[in-house]
Amino acid sequence: MVGLGTIINGAAIILGGLIGHFTGRLFKQEQQQSLTMACGISVLFIAIAGAMQGMLSIDGSTLVSGKSMLVVLCLAIGTVIGELIGIEAGFERFGEWLKRKTGNDGDKQFVNAFVTASLTVCIGAMAIVGAIQDGLSGDYSTLAVKSVLDFIIIAVMTSSLGKGAAFSAIPILLFEGSITLLARLVAPVITPLAAAYLSLIGSVLIFCVGVNLVWGKKVRVANMLPAVVLAVIAAYIPWSF
């Protein structure tokens, strides 16, 4: 069944949110803060592992790094585009609308939890490549693996940040669902090199999400999202990064 992977992923986020919501009540305020730190540190190391996989390679017996220029250019240009468009503000407006419509006006952390969780589960190659596989052949295995990871992440985020994290199921359903429906158009664009660049830049953005979790909101990550599109475009530029 085409689209089953997106449904599984959305359901896993909702289930993780429900479990996180009820278990979060068992923790005191300082324990929830510690849990937020633990979640942030976990996200940081997951992102570092993904970024290093994309930047490091073995040349004979030497470990060398590369693609620094790709990271700098994609992030710098992408951030300028995102700031001009105001993507972060759009995310926050949608979060505020959700907060009102779901009767959570008293939850001061709702928007922050929603934006942080949405960026965490939507950014990355697994969401895009998995949705393309699902749309082309009905193979939802990649999204099924991602669903397990998202279930754990959202359960922890909901217990520490609040129920807003569970509503990240909405953007994931829209994002992955759209790619699944447009898979035949998108698939030729996501070459192995484009997927590698996408994974690298996505990991860097996820690292920024971890920074916000550990040290408070320091980076407007949503405004950096165009960097992911630029990473795919960079794969078609005949220039070594």
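The model is predicted.

**Helix pairs**

Two packed helices are described by the angle between their axes and the distance between the axes. The table gives both values for two pairs.

| Helix pair | Axis distance | Crossing angle |
|---|---|---|
| H1 (residues 4-24) and H7 | within 7 Å | roughly 25 degrees |
| H5 (residues 110-122) and H8 | 9 Å | about 30 degrees |

Take H1 and H7. Angles under 35 degrees count as roughly parallel. The axes of H1 and H7 cross at roughly 25 degrees, so the two helices are roughly parallel to each other. The crossing of H1 over H7 is right-handed. By class, the residues in the contact of H1 with H7 are nine nonpolar, 12 polar and two charged.

Now H5 and H8. Their angle is about 30 degrees, and they are therefore roughly parallel to each other. H5 passes H8 in a right-handed crossing. On the H5 side, the contact is made by Phe114, Ser118, Val121 and Cys122. On the H8 side, Pro171, Ile172 and Phe175 take part. This contact of H5 with H8 holds six nonpolar residues, one polar residue and no charged ones.

Where does Ser168 sit? Ser168 lies in the loop between helix H7 (141-161) and helix H8 (169-181). Is Ser168 buried or exposed? Its relative accessibility is 0%, so Ser168 counts as buried. Not counting residues up to four places away in sequence, Ser168 touches Ile13, Phe114, Ala117, Ser118, Val121 and Ile154. Phe114, Ser118 and Val121 are also on the H5 side of the contact with H8.

**Thr116, within H5**

Thr116 belongs to helix H5. Thr116 counts as buried because its relative accessibility is 9%. With neighbours within four places in sequence left aside, the contacts of Thr116 are Met157, Leu161, Val209 and Leu213.

Gly124 is in the loop between H5 and helix H6 (125-137). At 15% relative accessibility, this glycine counts as buried too. Gly124 and Ile58 lie 66 residues apart in sequence. In space, their C-alpha atoms are 24 Å apart.

**Cysteines**

How many disulfides does the model have? The count comes to zero. A disulfide needs a pair of cysteine sulfur atoms within 2.5 Å. For Cys39, the closest cysteine sulfur is that of Cys122, at 15 Å, which is too far for a bond. Seen from the other end, Cys122 is in no disulfide, and its nearest cysteine sulfur is that of Cys39. Are these cysteines buried or exposed? Cys39 counts as buried at 7% relative accessibility. Cys122 is buried with a relative accessible area of 16%.

**Helix H11**

Which residues of helix H11 (residues 226-234) are buried? They are Pro226, Ala227, Val228, Ala231, Val232 and Ala234. An α-helix has 3.6 residues a turn, so residues three or four places apart point the same way. The buried residues of H11 pack against helix H3 (68-85), helix H4 (87-101) and helix H10 (192-215).

Methods: Residues numbered from 1 in each chain as written. Predicted model: local features only at pLDDT ≥ 70, side-chain atom pairs only at ≥ 80, totals over all residues. Heavy atoms only, no water. Helix = DSSP H or I, 4+ residues; strand = E, 2+ residues; numbered from the N terminus. Buried < 20%, exposed > 50% of the residue type's maximum accessible area, 1.4 Å probe, protein only. Contact = heavy atoms within 4.5 Å. Axes fitted to C-alpha atoms, helices over the stretch in contact; angles between N-to-C directions. Parallel < 35°, antiparallel > 145°, perpendicular 65-115°, else oblique. Left-handed = near helix turned anticlockwise from the far one by under 90°. Nonpolar A, V, L, I, M, F, W, Y, C, P; charged D, E, K, R; others polar.
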